[in-house]
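Q: I am new to this structure and would like to learn how to read its features one by one. Could we begin once it is in view?

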Amino acid sequence: MAVCIGFIGKENSPLFLRCINQSQELQFHYIMHTCIDFVEEKIIQSNKSGSDVRELYLGLLYSSEEVKAYGFVTNTKIKIVIIIDSTNSLLRDNEIRAIFRKLHNAYTELVCNPFYTPGDPITSKSFGALVDELLASSS
């Protein structure tokens, strides 16, 4: 299912990127940056609608023959992008939301660590292990 998970900071700088296949990391890095434009568009559209409650899950951001990218943005404007193999048609929207909830909770725990400065690249081994576990369980 998931082949890559990435976290992007407030200023659109990459904080964390983990892929199953390291040889495709550059390709997924490019897709992550492509998704930033779609995230910004969806945020602007939700602000124009005038609703006070903003949906954190953004849905499908990018689709190609090989992969699909889904997005999530936190209240602090940290963007989470999951890239999924397009050949997997069994994945449902609620399963993707559950993965985003787990990632958001892991990021929240990371930010609660007094030794982590928000906005710095994520180098936590426990955080990386959790992401690796999610990538392994989804494949």
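Q: How many nonpolar, polar and charged residues are in the lining of the largest cavity, by class?

A: The lining of the largest cavity has seven nonpolar, two polar and no charged residues, where Ala, Val, Leu, Ile, Met, Phe, Trp, Tyr, Cys and Pro count as nonpolar, Asp, Glu, Lys and Arg as charged, and the others, Gly among them, as polar. Please keep in mind that this is a predicted model, in which local features need pLDDT of at least 70 and side-chain atom pairs count only at pLDDT 80 or more, while totals for chains, interfaces and linings use all residues. Residues are numbered from 1 along each chain as its sequence is written, and side-chain values use heavy atoms, with hydrogens and water left out.

Q: Which residues line the largest cavity?

A: On a 1 Å grid over the protein atoms alone, a cavity is a set of points where a 1.4 Å probe fits but cannot get out, a pocket is an open set with protein on both sides within 12 Å along at least five of seven lines, and lining residues have an atom within 4 Å of a point. Here the lining of the largest cavity consists of Phe 7, Ile 8, Pro 14, Phe 16, Leu 17, His 29, Met 32, His 33 and Ile 36. The volume of this cavity is about 70 Å³, a volume being the space filled by probe spheres set on the points, with grid points joined across faces, edges and corners.

Q: Which element gives the most to the lining of the largest cavity?

A: Helices (H or I, at least four residues) and strands (E, at least two) are DSSP runs, numbered from the N terminus. The element that gives the most is α1, with four residues, and at least two lining residues come from each of β1 (2-8), β2 (14-19) and α1 (25-48).

Q: What lies nearest the centre of the largest pocket?

A: Among its 14 lining residues, Lys 10, Thr 76, Ile 78, Tyr 107 and Pro 118 lie nearest the centre. The space in this pocket comes to about 190 Å³, and its lining has five nonpolar, seven polar and two charged residues, with α2 giving the most, four residues.

Q: How many disulfides does a search of the whole structure find?

A: A disulfide is a pair of cysteine sulfur atoms within 2.5 Å, and the search of the whole structure finds zero. Cys 4 is in no disulfide, the nearest cysteine sulfur being that of Cys 19, 3.0 Å away.

Q: Is Cys 4 buried or exposed?

A: Buried means under 20% relative accessible area, exposed over 50%, and partly exposed in between (1.4 Å probe, protein chains only). Cys 4 is buried because its relative accessible area is 0%, and Cys 19 is buried too, at 4%.

Q: Where is Ser 86 found?

A: Ser 86 is in the loop between β5 (79-85) and α2 (93-111), and it counts as buried because its relative accessible area is 18%. Leaving aside neighbours within four places in sequence, Ser 86 is in contact (heavy atoms within 4.5 Å) with Ser 64, Glu 65, Glu 66, Val 67 and Lys 68.

Q: What is phi of Asn 12 near?

A: Phi of Asn 12 is near 65°, a positive value in a residue other than glycine, and Asn 12 lies in the loop between β1 and β2. Asn 12 counts as partly exposed because its relative accessibility is 27%.
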